[in-house]
Amino acid sequence: MKGPGLFSDIGKKAKDLLNRDYTCDQKLTISTFSGSGLGLTSAAVNKGGHYTFDVSSQYKHKNTLIDVKVDTDSNISTTVTISDVLPYTKAIATFKIPDYHSRKLELQYFHDHASIASVVGLKQSPVVELSATLGTRAAAFGIEAGFDTASGNLAKYTLGAGFTKPEYNASIILEDKLDTLRASYVHHLDAAQKTSVVAEIVRQFSANKNIVTVGGQYSIDPQTSVKARLNNSGKFAALLQHELKPKSVLTLSSDFDAKALEKAPKFGLALALKP
């Protein structure tokens, strides 16, 4: 893709660096894939003493990907993704049984200087979401809006701009109906982008509230990396991630509140195995 990407890609580098892989749960994931395009993934999670299990199957054939997941709450979630239904397009259909109101259809269109995405719930009086982005991979400007067909009102509207260079990613987003300003900056310290620092400022105008978060990741060796983050409320989190073998990863993480040291730190462990 040569174009600016989707609106959801604006600020994604900072969001992933500050949030992805941090966990206070215990999770085991085992994935297997066959040469025919069929994949199976089993996951078990212990969240505060509550155990959940799910099994998902992925099947890819030409330009179609089908993902079906079944969990211990008897939910069956299905996602069907078809690429290039028309040139430069992607269609994604999702639905969950027994929650029939969760059915959604998303259409995406990509161009060298623009992208458009639309999501509509397949139910009576749905919320229709539409986003558009103009620009290039280096600089993108976009807007996102949601229209509630039941009330006839705008459910949300967001503006954003993102800037990307090999050495940095910067973004500024006005969200929550322009009530919240979110600005982020990621600076990469090596060409492989394995070692980076990040800063994010979130300003909520109506509440006169600011949240400042800084963090980073450091590659110790090709198989091991560490990440950490700290915000102005004193909440600190860190993780260590080690690749046991190709595509099999062990993650150890912890977080604690520096302003409430009487509370015990929380610890998490995640093991993802791909034989």
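Three aromatic pairs turn up in this chain. The rule: Phe, Tyr and Trp rings (six-membered ring for Trp) pair with centres within 6.5 Å; planes under 30 degrees apart are stacked, over 60 edge-to-face, the rest tilted.

Quick ground rules. The model is predicted: local features need pLDDT of at least 70, side-chain atom pairs 80 or more, while totals for chains, interfaces and linings use all residues. Numbering runs from 1 along each chain as its sequence is written, and side-chain values use heavy atoms, without hydrogens or water.

Back to the rings. Tyr168 and Tyr185 are stacked, 5.8 Å centre to centre, with 25° between planes. They sit 17 residues apart, Tyr168 in strand β12 and Tyr185 in strand β13. Strands here are DSSP E runs of at least two residues; helices are H or I runs of at least four; both are numbered from the N terminus.

Next, Phe236 and Phe256. Their centres are 5.7 Å apart and their planes at 55°, so this pair is tilted. Phe236 belongs to strand β17, Phe256 to strand β18, 20 residues apart.

Now Thr89, in strand β6. Buried or exposed? Thr89 has 18% relative accessibility, so it counts as buried. Buried means under 20% relative accessible area, exposed over 50%, partly exposed in between (1.4 Å probe, protein chains only). The Thr89 side chain reaches the backbone oxygen of Leu86 at 2.6 Å.

Last, the largest nonpolar core. Its five residues are Ala14, Leu17, Leu18, Val186 and Val198. Such a core joins buried Ala, Val, Leu, Ile, Met, Phe, Trp, Tyr and Cys residues through side-chain atoms within 4.5 Å. Helix α1 gives the largest share, three residues.

Note on methods: Polar contact = N/O pair within 3.5 Å; in protein donor to acceptor, adjacent residues only side chain to side chain.
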